[in-house]
Amino acid sequence: MGDVMARKLVSEPPGTGPSDAVVAVDDEALFVRVATILDEARAGVVRAVNHQMVVAYWLIGREIVMELQRGQERAVYGERVVSDLSRRLTNRFGTGYSIENLWRFRRFYLAYQDVDQIMSPLGTESGGAGGTDGPGTGHLPDFQPQLSWSHYRALIAVEDPEARRFYEKEAAAAGWNKRELERQIHTQYYQRQVARQRRLVKVLPGEEPRQRPIQSPATNSGASPTLSNPIHALKDPYVLEFLDLPDPPALHEKGLEGAIIGHLRDFLLELGRGFAFVARQKRLSFDGDEMYVDLVFYNCILKCYLLIDLKMGRLTAADVGQMDSYVRMFDDLVAGDDDNPTIGLILCTERNNAVARYSVLNDRRQIFASRYMTCLPTEAELAAEVERERHLLELCT
């Protein structure tokens, strides 16, 4: 017996026994845990550095404003001060302090001089005249720590303070990068949301409770209050300029669907916060009949499915009836007991006033219709859209 064991030990090279395999697995798990710690720490350091640089640029902007106020902001005086400051900062700290950037820091401070302030050791009393009249020693704006200077460069281009605050909070909550933030600004996301909220003022008060009410987002989830109801989570119109369609009027629904799938990340950004892609051409089968839903998404905040039906032409009553069937079947066959009622959204190129008035669309419960645009609307086009929807709302009430 001893010889057999000895031969077995000799025949097994080191590192191949069962205990060695366990050790290898444990080593890998340990490495993954430690690597995760380091990755999170490095990401935290980057965020902290970015946040401190944002604060530093705001402080520089404040100093420039105070200095120029002392000189009554005379153009020649301001140009000389900023030019000299740029030259000296560049000599000491390197690139990043051009004349253009220093004027941008000034603009940054002016845009955010009235925001809520917090105590911070970075704050220093301004050396310019009236320095104690500013935010005060040690007081700094409460910037979003998730946002970098690139984000704030895009934000200071937004003239409307309300719109700027909206984009800042949404970018932080949704994790938008600079490109995504700029896209939302350029497609007038805030203006579209404001216009839609105004159209809903006459609809939501006194609204009857739903059979299965939508659950409100958790208070600590960072979700926008406007997402507590599905009617707030949807947009009208949707801007799909990223599809880059060559000839939209001649395009079939399948082509539009394929373009959306090919630009899914951008489409999710346009849909809004909390949406995740689930399926394409989802089959619903009941009693021998089969139906196919173009696109299916799930909203993790509202805790419900969103079914999208794509229509290239004008909205019809048949489109609404078909979506109504989709929603009823999906709730019965797919949605779980803990899911909120499924939302049905018909994306079409042209609305129909009669259908909107004399169909389930007028109830504004689970079925909705929105237009989509394949190019960025101008302010005039957006104003005309708001007026058209206001007239439609008056017809439906």
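Biologist: Which residue in β6 is the bridge partner of Y298?
Modeller: In this predicted model, Y298 has Y305 of β6 as its bridge partner.

Biologist: How do β5 and β6 run, and how many bridges join them?
Modeller: The two strands run antiparallel, and five bridges join them. They form a hairpin with four residues between the strands. In that turn, K303 has a positive phi of about 60°.

Biologist: And β4 with β5, how many bridges are there?
Modeller: Ten bridges join β4 to β5, and this pair runs antiparallel. One of the paired positions is S285, whose bridge partner in β5 is E290. The hairpin of β4 and β5 has two residues between the strands, and D287 there takes a positive phi near 55°.

Biologist: What is the order of the strands in the sheet?
Modeller: The order is β3-β8-β7-β6-β5-β4, in an open sheet of six strands with mixed pairing. The edge strands are β3, residues 238-239, and β4, residues 275-286, each of which pairs on one side only.

Biologist: Which helix packs on that sheet?
Modeller: Helix α10, residues 253-262, packs on the sheet and touches β4, β5, β6 and β8. The direction of α10 makes about 145° with that of β4.

Biologist: Let us turn to β7. How does β7 pair with β6?
Modeller: β6 and β7 pair in the parallel sense over five bridges. Within this pairing, D309 has I346 of β7 as its bridge partner.

Biologist: What about β7 and β8, parallel or antiparallel?
Modeller: Strand β7, residues 343-348, runs parallel to strand β8, residues 367-373, and five bridges join them. For C348, the bridge partner in β8 is R371.

Biologist: How many residues of β7 are buried?
Modeller: Six of its six residues are buried. In a regular strand, side chains alternate between the two faces of the sheet. In β7 both faces are covered, with I343, L345 and L347 buried on one side and G344, I346 and C348 buried on the other.

Biologist: Which residues are in contact with Y238?
Modeller: Leaving aside neighbours within four places in sequence, the contacts of Y238 include R192, E270, L271, L345, L347 and R371. The C-alpha atoms of Y238 and R371 are separated by 6.3 Å, although these residues are 133 apart along the chain.

Biologist: Where is R183 found?
Modeller: R183 is found in helix α7. It counts as buried because its relative accessibility is 8%, and a buried residue is one under 20%. Leaving aside neighbours within four places in sequence, R183 is in contact with V239, E241, F242, L269 and E270.

Biologist: A new topic: which residues have the most contacts inside the largest nonpolar core?
Modeller: They are F108, Y112, F143, Y152, Y167 and L181, in a core of 37 residues. The helices that each supply at least two residues of this core include α2, α4 and α7. Helix α2 gives the most, with nine residues. A second, separate core of 25 residues includes L240, A259, L271 and L306.

Biologist: How many residues does α4 have?
Modeller: Helix α4, residues 99-111, has 13 residues and reaches 19 Å from its first C-alpha to its last, close to the 18 Å expected. The buried residues of α4 are N101, L102, R104, F105, R106, F108 and Y109.

Biologist: What is the count of disulfides?
Modeller: The count comes to zero disulfides. As for individual cysteines, C300 is partly exposed, with a relative accessible area of 49%, whereas C304 counts as buried at 1%.

Biologist: Finally, how many helices and strands does the chain have?
Modeller: The chain has 14 helices and eight strands. Of its 397 residues, 42% count as buried. Among contacts between residues at least 6 apart in sequence, 67% join residues at least 24 apart.

Conventions:
Residues are numbered from 1 along each chain as its sequence is written. This is a predicted model: local features need pLDDT of at least 70, side-chain atom pairs count only at pLDDT 80 or more; totals for chains, interfaces and linings use all residues. Side-chain values use heavy atoms; hydrogens and water are left out. A disulfide is a pair of cysteine sulfur atoms within 2.5 Å. Buried means under 20% relative accessible area, exposed over 50%, partly exposed in between (1.4 Å probe, protein chains only). The expected span of a helix is 1.5 Å times one less than its number of residues. A nonpolar core is a set of buried Ala, Val, Leu, Ile, Met, Phe, Trp, Tyr and Cys residues joined through side-chain atoms within 4.5 Å. Two strands pair if DSSP finds at least two bridges between them. Contact means heavy atoms within 4.5 Å. Axes are lines fitted to C-alpha atoms, for helices over the stretch in contact, and angles run from 0 to 180 degrees between N-to-C directions.
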